[in-house]
Structure formats: structure tokens, C-alpha cells
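This report concerns a single protein chain. The sequence and structure are shown first, and the description follows.

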Amino acid sequence: TYVDSVFNTLDMKEQIHFYIQDHYLKGTYNLFDNHRIHYITFGSDDLNENFISKKLLTRTKSQVDALKWEFLINNKMYVESIFSRSNTYQYYKNDEKGNYFVLNSNEYRLYQQFNITYKSYYMKSGYEVNVQDGYIKSNYNLDDVSSEDFKSYNAFLDFPYFIRESDEEKVETTLQGNSFSLFTELGGSIEKIFTNIGLRYKYYGIESSNGLSTRIMAGYLFNKQTSFYGGAGTHYAHPDIYYYASRDNQDFKNSTSYTFITGAKTRLYKNIHGQIECYYLIYEDLISKEGSLVKSEIKTNSGVDYYTVESSGYTIGSELFIKGSFNIINGWMSYALSRSRRKHIDHGEYYSDYDQTHIFRLALSAKYKNFIPSLVWNIYSTMPYTPITNSTEEEDRYTLQFGKYNSSRFEVHHRLDFKLIAIVNEKVKFFVEIWNGYGSKKELYQHYDQTTKYQNDNPENKQDFPLVIWHGAEICF
């Protein structure tokens, strides 16, 4: 459906072949009695080609390789070290016009954490370094999306940002900026009171900014089955590089969120446990795009604008979670009720692009001989969108007129997914999945044909896949 959204946005009408490939591999080796080494690799590759010409249209690849070393110093102290590399590659080509766009980004991560326990107390401390390199390459004119300030920004480690070539332009950039973090976490319990305190300092290279995130949690063990807890925290987020590319003024602040939560856990009946949690989050200095609320075709066609105009906001909600087992059946149920609003000084208050009022899920599984059947039932509110209310004719195209921002929603969606696992032996399993085996027609967004006027069937409500069958195997060596 992401590909459908992109093709509709770009008015691409080609018949396509769409290929999906995912892979995952994990290995563990115990070296002596106190060293353990893990290697993990996983990734995906989504490819689209023209059905007739067989020419590549779009391609999205991701690949992660990680090496993890655990060193057990003694029964109270151990060190965890991780080195990883992740690559993201995106390619798009308009076969008709010859235009292309390539994004290639690498992130290298070094993470070390020292853990120590003493009686009912523990401490975790460490550091994390993220270094990114990569480029955005295209034969489009990138001057429209790259200001001189953007090209000259210095990162944590210096390297070229902007390179001109003969028939193309190339922007080399850290897509989220290089960073360095120090963190610590302290926790423990005294009789029936338990607490947890966390601190994280982060240096963000592309802005040369510093942030100190904090968290404190405390709770009370009412009895062996029931506990109550509450907490608060302050967290920071840095602007994505696409915001730097979208405007000349890059004087961004770190976005700040203040989080407050309270909840309770208890055993309801034998093997059935429940939890309820309420939360309230306040957002300040949100990173946004300057300009009109409804402006981009991405928003019009996919329902989400990655450059939303918003300066502050809040989210409030509660979640209920119940899990348990009975004979051969295991399962869990969750329900979330929330409200997420955003504000802008020029546009007032409105629903966040990602607001969902209700989300209900029920998951059940069982094991019978060598078979494990399972199902997941979902009922959820749709995210809001800005309705198209009319159009005005201008030359050979029609300009859209919109209603109030994020004032409409599609009907509530429901879907039922099935999965069956067949166990051949301890090392080989086969599975088949049916997505949306019994579900509603799920409208995803409105697509407007700007060559005709606004009418009953224009815009058209685009829908999700009606049914997907997925099968695979799990093999352990």
C-alpha cells in the first residue's frame, strides 16, 4: 500500500511487478564459561519493475548486521558490547521522463553497557556512539530543497556534504545527524516500595546541541499479587534531516516531551493477569514545516504529511491489558482509548495525523500435537484526514478546496488474521498466514484526479488489500 500511495502521488499508471524479500539469521557461540558472542543479520528488499518493459521503477532495501559480546565478570557484574551497521537504500526512477532519485545511508553504532547488582539494587551505565554517512543523489535540481546553510552544516565527524557532478547533483549528509550519549539507570526496592531512576545525556552533532533526558518511577507492592506505580520523565527529539532540506531557516530547537503515567498490575484469577495504565504527554517546540496546513500531495494522497505544521500539543489516554492461559490455550487482550491533539499559532488546535481514538486487539494461540494455530482480531478507529470539499477549474486542471484540517475519519476498521505453524522437528518449522481473512473494507486515503472536477466519485477512497496469504519456513542450524 505504500507503493500504491507513492504511485498515486506521482500519477504513475504503469502496470508493475512487486517483489518482497525478507531475511533473518542469528547465531550464538559460548566462548569459555563467561563469554558469549551473538551475530545477527536481517533485512528486506522491495522491488518494483514495469510489467512490460521490465525496467526498474522503485527499490527499497534495508540491511542490519550486528555483533554482540556479553562478558560475565562474576555473578553480580557483566558487560554488554554491541557494534552494528545498518544500511538504507531507496531508488526511484520515472521511466518516462528519465528522472531518478537515490538515497543511500549508513549508520554505524557502538554501544557498551555495564551492569551491576547488589542485593535488591541494580545499576546500568554506559555510552552510545552513532556515526552516519551517505548521500542523496538525483538528476533533479536540488537547489530547490537544499539551502547554502544546509550544505555547510558541520556534523560530529566532518565529511563532504554537497558535491556537484556534470549531469547530476549529489547531496551527502547524515540523515539524522551523528550523536554521542551517556546514560545511567538506578533501581531497587525497600520492603514494599520499589523505584527506578534514569538519566541520559545526548550530544547531537548536526545542531551541536545537548540534551539531558530524565525519568523517575516509583511503586508500592500492595500484596503478592497487586502493585501500583507512577512516574514522570522529560525526553528530547532531534529534527529529521528532511526538515533541514525543506526550508532555509534551520534554527530548530530540540522538541521536548513531558510524560506522566500511573498504573496498576494484579492477578485476576489463577493464570490470568491484568494491567491498566493511564498517561498524559505534553509536547513543546515540535519541529514543523512553515506554510499552509494542506499543501503537499503526499498528504492529499496518503493521509500523512511528513512536514506537519505544529508547534505544541498533547496526548492523553489509558490502556487495559489482560493475558492468561487455560489448558492448551494462551492469549491476551488489549484496549486503548486516547486523544492526541496538536496546536499551531496560526491554525489553532486540531487532531494529530496519528490520532486513533480506539484500538482493540485479541490474540489467541494453542498447541495441538505438532500444530500451533493462532489468530489476532483487531478493531480500531482510523486516523484523521482533511476532506476535499470542492474544486475550482484552472486551465486544464482543477485546484482542490479543503475542509477543516484532520476533521474527517473513515469508518472503524476490523480485521481477523490467522496463522498456522507446522513443526517438523526441533529445527524445522513451516507456517502459513492469512491477513484480513475476515475484515472490513479499509479505506486508507482519498485520491483526487485533478483532470476532472469534484464530484461523487472524485475523490476516490483507496482501500487496503482485501486478502493476503503469506507462507514461509523457519530453519535452525
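## Basis of the model

The model is a predicted one, in which local features need pLDDT of at least 70 and side-chain atom pairs count only at pLDDT 80 or more, while totals for chains, interfaces and linings use all residues. Residues are numbered from 1 along each chain as its sequence is written, and side-chain values use heavy atoms, with hydrogens and water left out.

## Overall architecture

Four helices and 26 strands make up the secondary structure of the chain; these are DSSP runs numbered from the N terminus, helices being H or I of at least four residues and strands E of at least two. Of contacts between residues at least 6 apart in sequence, 58% join residues at least 24 apart, a contact being heavy atoms within 4.5 Å.

The chain has 477 residues, and 36% of them count as buried. Buried denotes under 20% relative accessible area, exposed over 50%, and partly exposed the range in between (1.4 Å probe, protein chains only). The accessible surface comes to about 28300 Å², with 57% belonging to carbon and sulfur atoms; areas come from the Shrake-Rupley method with a 1.4 Å probe, and for residues only the protein chains shown count as cover.

## The second largest pocket

The second largest pocket has a volume of about 470 Å³. Of its 15 lining residues, His23, Tyr24, Ala473, Glu474 and Ile475 are the closest to its centre. Strands β1 (16-31) and β26 (468-475) each supply at least two residues of this lining. By class, the lining residues are nine nonpolar, three polar and three charged; Ala, Val, Leu, Ile, Met, Phe, Trp, Tyr, Cys and Pro count as nonpolar, Asp, Glu, Lys and Arg as charged, and the others, Gly among them, as polar.

A pocket here is an open set of points on a 1 Å grid over the protein atoms alone, where a 1.4 Å probe fits, with protein on both sides within 12 Å along at least five of seven lines; lining residues have an atom within 4 Å of a point. Grid points are joined across faces, edges and corners, and the volume is the space filled by probe spheres set on the points.

## Lysines in loops

Most residues other than glycine have a negative phi. Lysine 119, by contrast, has a positive phi of about 55°; this residue lies in the loop between β5 (99-118) and β6 (121-138) and is exposed at 71% relative accessibility. Lysine 270 also has a positive phi, of about 45°. Its loop runs between β13 (255-269) and β14 (272-284), and lysine 270 counts as exposed because its relative accessibility is 55%.

Lysine 192, in the loop between β9 (179-190) and β10 (193-204), is partly exposed at 41%. Beyond four places in sequence, lysine 192 contacts Gly219, Tyr220, Leu221 and Phe222.

## Two buried polar residues

Glutamate 433 belongs to strand β23 (residues 428-435) and is buried, with a relative accessible area of 16%. Its side chain makes a polar contact of 2.9 Å with that of tryptophan 435; such a contact is a pair of N or O atoms within 3.5 Å, where within protein one must be able to donate a hydrogen and the other to accept it, and residues adjacent in sequence count only if both atoms are side-chain atoms. Outside four places in sequence, glutamate 433 touches Phe418, Lys419, Val468, Ile469 and Trp470.

Serine 381 lies in the loop between β19 (371-380) and β20 (388-394) and counts as buried at 7% relative accessibility. Gln356, Thr357 and His358 are the residues that serine 381 touches, not counting those up to four places away in sequence.
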